[in-house]
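Hi,

Here is the structure I said I would pass on.

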Amino acid sequence: MVIVLLGAPGAGKGTQAPILGAHLGVPILASGDLLRAVAADPSSAVGREVDAIMKTGELVPDETIVRIFLDRLTAPDARDGAILDGFPRTAAQAAALDAALAQTGRRVDFAILIEVPEAELIGRMTDRWLCRAAGHIYNIRTHRPLVEGVCDIDGSELYKRADDALDTVRARMAKQLAPLAEVVAHYRAAGVLHAVDGRQGIDIVTGRVIAALGAEGAAAR
Ligand code: AMP
């Protein structure tokens, strides 16, 4: 089962993906994590380019992310299914994904759009902290860690993403919402789009996503 998680920056894709991955027993392929790993290597020209683009809140060029992402998608652990978090983000990426999956007789089975009003998204990102070890997500207002600055789950240090600063958050919204609308239209036309209300607590949103996945989601371990 190939599931694409769609939503504006801050909608909750990165929070829901690990919960759904554990529920369904499939890996999570997060484009932002893949790109942050590439950007962390200043000795590579691509790493430096990706790092510079991510700091502006722009999207990385399609050919760069398509190459990196499809390479990860063809790894053996993703053969029986995967949750795609953050990819595709443009219509061209969606077409490249369809073509790659078709080569192995697969398709996107579900595109889940997590909907949150724009006004709420900015605060979610500027209040967000992540853990160094595994990217577990906290929010200083709605989901605080038990000990300040420390991950409840693995004890690692919490940090803020460089692109969660207010100016970059605004730029990400300005630059990424229009292409997201094209991707939503792509999956609506394919008949696989399911929209869920992402304004409630984490567990409620998870329940809505599993309900949208229908019998396959409910039957998963
Ligand atoms: P995320 O962690 O998903 O919020 O992504 C962080 C940043 O990585 C985005 O603001 C973009 O600069 C870049 N990025 C992530 N996914 C993509 C994608 N599919 N296409 C282009 N750029 C991306």
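Start with Ser 31: one of its polar side-chain atoms sits 2.7 Å from a nitrogen atom of the ligand. Keep in mind that this is a predicted model. Gln 176 puts a polar side-chain atom 2.9 Å from a ligand oxygen, and Arg 161 has one 3.0 Å from an oxygen atom of the ligand. On its own the ligand would expose 480 Å², and the protein buries 96% of that.

Stepping back to the whole shell, 17 residues surround the ligand. Among the closest are Glu 58, Gly 86 and Gln 93, along with Ser 31 and Gln 176. By type, the shell splits into 6 nonpolar, 5 polar and 6 charged residues. Which helix gives the largest share of the shell? That would be α2, with 4 residues. Both α2 (31-39) and α7 (166-189) supply at least two shell residues each.

The other spot I looked at is Trp 129, which lies in strand β5 (residues 128-131). Leaving aside residues up to four places away in sequence, Trp 129 touches His 136, Ile 137, Tyr 138, Ile 140, Leu 158, Tyr 159 and Lys 160. Tyr 159 is 30 residues from Trp 129 along the chain, yet their C-alpha atoms are separated by 5.4 Å.

Cheers

Methods. Residues are numbered from 1 along each chain as its sequence is written. This is a predicted model: local features need pLDDT of at least 70, side-chain atom pairs count only at pLDDT 80 or more; totals for chains, interfaces and linings use all residues. Side-chain values use heavy atoms; hydrogens and water are left out. A residue is near a molecule or strand if one of its heavy atoms lies within 4 Å of it. A polar contact is a pair of N or O atoms within 3.5 Å; within protein, one must be able to donate a hydrogen and the other to accept it, and residues adjacent in sequence count only if both atoms are side-chain atoms. Accessible areas come from the Shrake-Rupley method with a 1.4 Å probe; for residues, only the protein chains shown count as cover. Ala, Val, Leu, Ile, Met, Phe, Trp, Tyr, Cys and Pro count as nonpolar, Asp, Glu, Lys and Arg as charged, and the others, Gly among them, as polar. Contact means heavy atoms within 4.5 Å.
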